[in-house]
Each structure stands twice: as C-alpha cells, then as structure tokens.
Amino acid sequence: MKRRRGRTCGHIWQSVFLVAGMIVVVCVLLVQMCSGLLLRARMNALSVDVFADEDFREMNISPQNFQKLVARSEETSISVGALMASVMVDRQYQLLHTVSVLDDSAEMARRYEEKKRLNEEALMQLTEAYAAVWEDLKYFPVPQSSVTPNALVYYENSWMSERSYGGERGHEGTDLMASINQRDLYPVISMTDGVVEKVGWLEQGGYRIGVRSPHGGYFYYAHLSSYAKQWKEGDPVKAGELLGMMGDTGYSKIVGTVGNFDVHLHLGIYIKTPQTEELSVNPYYILQSLENSKLTYAF
Ligand SMILES: [Zn+2]
C-alpha cells in the first residue's frame, strides 16, 4: 500500500514538472516570438523615414557607453557607427545608462546581423548618420590653458531650449560659455579632420566656420571674434588645428557686430539625410565624450 502511494506521488510530481517545463518552454518561445516581431516592426517602421524619431537627434549616449562601443567595434571588426545604429534601435535611442549587451561582443554582432537581414537599407542609413557624427571626433573644441588656469568653459544640455533672435525657435546646438568674458582670449580648434565648407558672416552665427568631416558630419563653430587665417572654402583642416578665437559676434545683419551676448562658442553638428541637407543633432553628449580629449594651448 505504502509503495503504491509513493509511486502515485512520484507520478504526480513527474506530471507537475512536465507541465511546468512545458509552460516555461512555451513562455520562452512566446517572448522570443514577440521580441522578434517587435524588432521586425521597428525595422519596417524605419523604412518610412529613418530619422523621423526626434529622439534620434538627441544622441543620448554616455561617454562610458561610447567607449564600450569603440572597444566592441575593435573586437568584432564592425564599425562604431554600425554597432551604435544597432544598439540605438534596440534601446529606442537611449544609451545613457548601463546596458549589459555592451559588454558582449558576440551578442552585439548577432543583433547587428539580425537587423541587417531585416532591413539593410535602413540600418545602413542610420550607420552612416552615426558615423558622420561620432567617427571623426578627436578633440574637444576649446583647449585648456597652460597659462590661465581659471580660463574654463562650461556648458549644459540646452538642446531645443528656447531662443528668440530671428523668431521663436529651439536651440540647435550647445553653447560653451567662457568663464572669463573676454573676446579673443580662448582658442577654438577643429574637433575633426575635414574641409572648410562655409566661412564668413552670418546674421545669427556672426563670424562662423563650418568643417565637413571625412565621414560627412558638418561641424559648425559660431560667434568667433577672429579667424586663425583667411580661410577659404575647400581648405583642408586637421583635427586640433586653430580655427579662430572665441568671441561674441552675431545677432545682427551688420558684419562685425559684437556684444549682443556673453562670449561663447556655439557648436552645431549637422548631418545630410535623404530627406534634408541639414539635420541638426545634439552636440552635448559628443562634447561630454571628448572631456578627456582636450589639447593644451598657451593662452
Ligand atoms: Zn547657441
């Protein structure tokens, strides 16, 4: 009698484990199927306009995560732009916090290949856009001073905050404010290699210079007080090369107007997309990632 009851109990437990096991398997399959469907939907949605999601332009990537992407790119031989595009689609353009997949090269490569199979064209467009912004970066645009230790710059994330000159608009850049409000003191250098694309006076930007980097990013430096030389369109520029001096020019149709605001560098970063010649992206996190890449100049 005892033995028979034991056998029955055993059977019951076996059945319970079997059913539980099946439930787990079904759940895992369902989760996999759902995330597969979700990814498929996300990649399909990109076909309409890859850059339609406003979050894309914010470039929400912490310096630590950017360093991880660079390391994973070296391990996988997949470009930084491509890995960034893949992860940003997965994370819905948010990469400011710790994400475990960034420590796993094999998994990152797998996810990249999966997206490539689903919608290669959209992934390539995103890849090129991220490469244009991130892959040519070498230096912070304002060097540190070896002579005046309190000559610093400070900046905050003012992406799309209100600006009124020239009509109501959002701020499409980052302002690096001078701790010493003195024009012609701080050097402004090129963050990337590239070619001068635009130079001269702009009503809003004052004396500005725009450099097109090898991967296609347009780096726009505005409100300069003077230029390092008589730049012409097409001139080659080396990363770290002096472009001009920080100033307070602009906000006027009259060439050379100064003093309408405090001395600062307005930095803008733009990319070309199939839809537009100039799509601005937020320079703030790009600057953050270059905090440890400052040159030292004597000023
Ligand atoms: Zn500005």
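This is a predicted model: local features need pLDDT of at least 70, side-chain atom pairs count only at pLDDT 80 or more; totals for chains, interfaces and linings use all residues.

Which residue just after α2 takes a positive phi? I looked it up: serine 77 does, with a phi of about 60 degrees.

**Helix α2**

I stepped back to the helix itself. α2 covers residues 63–76, 14 residues in total. From its first C-alpha to its last I get 20 Å, close to the 20 Å expected at 1.5 Å a residue.

Next I checked burial. The buried residues of α2 are Asn65, Phe66, Lys68, Leu69 and Arg72. They cover an arc of only 155 degrees around the axis, so they sit on the same side of α2.

What do the buried residues of α2 pack against? I found two strands on the list, β1 (60–61) and β2 (94–95). The helices there are α3 (80–90), α4 (105–134) and α5 (284–289).

**Strand β7**

Then I moved to β7, residues 174–178. Four of its five residues are buried, so the rest of the structure largely encloses this strand.

Which strands does β7 pair with? I noted β4 and β14.

- β4 (residues 153–154) pairs with β7 in the antiparallel sense, over two bridges. Here valine 153 has alanine 178 of β7 as its bridge partner.
- β14 (residues 264–271) also runs antiparallel to β7, and four bridges join them. On this side I found methionine 177 opposite histidine 264 of β14.

Conventions:
Residues are numbered from 1 along each chain as its sequence is written. A residue is buried if 20 or more other C-beta atoms lie within 10 Å of its own, exposed if 12 or fewer, and partly exposed in between; C-beta atoms are placed from the backbone. Two strands pair if DSSP finds at least two bridges between them. The expected span of a helix is 1.5 Å times one less than its number of residues. The arc is that of the directions from the helix axis to the C-beta atoms. Two residues are in contact if their C-beta atoms, placed from the backbone, lie within 7 Å.
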